[in-house]
Amino acid sequence: MTNPNDDFTSRGWLVATATLAVLIAVSFIPPIDAGGVSLRRASIISDLIDHNDHADEAAAEAAPEIDVAEFEVDLEEVASQVAEATASATPTGEATSASWEGIFDEQPTGGDYAPIEEEEPLELDALLTADFSALLPADSTIVSVEEFRGDDFDTPMGRLYEKLLLGQEPVRVAFMGDSFVEGDILTADLRELLQDTFTGGGVGFVPVASPLTGFRQTVKTTSKGWTPYNIMQRRTVPEPYVGDFFVSGWVAKASAGASTRWEMSDKRRHLQECQRARLTFICREPARIAIRLNDGEERLFDFEAGDIVRQIVVEEEQIRSLEMRVESGEAGFTAIGADFDSIGGVQVDNLSIRSNNGQAMFWSNAAVNAQMHAIRPYDLVILQYGLNIMQADRHNYSLYGEQVEKMVRYVESCFPGAAVVVMGVSDRAQRDENGFAPMDEAPDLVRAQREAAERCRVAFWNTYEAMQRKGGMIEFVAQGWAGKDYTHINYAGGREVARALYHALLQGAERHSRTLRQRMEMAKPVIENPLPMIAQPMPELPDSLVNIIPIE
């Protein structure tokens, strides 16, 4: 029982002193990460003692955000390799190509139909009167594709829009990215939407063998007898395979009887509307390849030895399945991939590589890229990178911006004529003491990517802003559109981002059509028979339209 005469003052001072000592000691515990939570220093004497935390943050900011050595590339050497490959390789020649029908000289562009010759000029209504109002939300809600060409109307993006609207030739899109789009996430829906609008079918490019094929819903791949190699592990890839990489990032070494079977999927619209398959490979020894179409007829194809990219083109009213088997020559055989598409319309290739910040393209073979481009030229290359670059407390990404410039120049060398769109990094969130919060470093990385696109005078699309308009990554997770890592979207989230990009491209095509129509209106004479001295000069039109617009 407490004695009322006891004096507890001294004990109170002891408790207060001990508590103060503990708090001062805690003040010297540095900031730590625990279970994914970033904990700041708890200091009651911060006004008296500078713990130099800001200096630590500044030091982290000063450290390079990337290993620049991984992005080293000699662009002059790349241009030289591309020029040499373009001059010497004949992708559709008798020695390098074979078709299911055996008459490859009737397919001068590797299976594409030759341009239609007409007595009258091509119909321009679709080009000049494009109206996607039934498909588009209000302009104010669309994150537009930005171009940095000033008053230059004849741009790669403009030519892409014209090709889409005219619908005379296939339009091929290479979507180069990282794990954000792995397994055809986002690209499956972008492909479907573009094919809805501009026709087309098929899944596009797929590897011959990969440990990730089971993750992909848009094509079923069954392979055996292959050793697949990923470009991100290039230091362990043996010769000659390390020098055979396409920008897809996968090659496969064959053993005796190595085979792959692809089965078309019904997971998205138009995937089963496949009329053409193309197998690409290198055979450094004489090789015999067996092809089985739709689980029925099988044919054999023989190739001589060489270092160039070869192709086998199969065309059928509907390709439901295709199987290839290496009958002989496996020791010198490198499988690059296969692609499945329709004769016309839009094709979208998912060329994603996990953990890739864009540097992997510099490890690919520029000559292989150029030959693949000659076989099936790309009209648009989309660069989706940067997710692995973003770091907490880093706001300066100028060094990475310089690497983005090199990526654009590399793409322009390997895939000449293709329009380029740099995608800004996606939104991302991280855990803090209050739960999850958006990474405020994302806008800084987006800014560096946009400035790089502007310096290169190519197009830019702001993925981050598109996600923000739907609530950002935290809302994506809440809606079940993204994983609980608050970094990667899933197929549902991919559909949302794909729709936003699709709307941006449609808007760009519609605006291009409107601008072209206005220019043609300006070109009309003011009076029916103008005098020579007051005749108005006709505005210069894009080279791509000079031969199809009638001039009276």
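Is arginine 450 buried, exposed or partly exposed, and what is its relative accessible area? Arginine 450 is partly exposed, at 31% relative accessible area (buried means under 20%, exposed over 50%, partly exposed in between; 1.4 Å probe, protein chains only).

The views show a predicted model, in which local features need pLDDT of at least 70, side-chain atom pairs count only at pLDDT 80 or more, and totals for chains, interfaces and linings use all residues. Residues are numbered from 1 along each chain as its sequence is written, and side-chain values use heavy atoms, with hydrogens and water left out.

**View A. Salt bridge between glutamate 454 and arginine 450.** The N to O distance is 3.9 Å (a salt bridge is a side-chain nitrogen of Lys or Arg within 4 Å of a carboxyl oxygen of Asp or Glu). Because the two residues are 4 residues apart in helix 10, about one helical turn separates them (helices are DSSP runs of H or I, at least four residues, and strands are runs of E, at least two, numbered from the N terminus). Glutamate 454 is partly exposed at 39% relative accessibility.

**View B. Salt bridge between glutamate 405 and arginine 455.** The side chains meet at 2.5 Å, N to O. Glutamate 405 belongs to helix 9 (residues 398-414) and arginine 455 to helix 10 (residues 442-456), so the pair ties together parts 50 residues apart in sequence.

**View C. Salt bridge between arginine 269 and aspartate 196.** The closest N and O atoms are 2.6 Å apart. Arginine 269 lies in the loop between strand 7 (250-264) and strand 8 (276-283), and aspartate 196 in helix 6 (residues 187-198), 73 residues apart.
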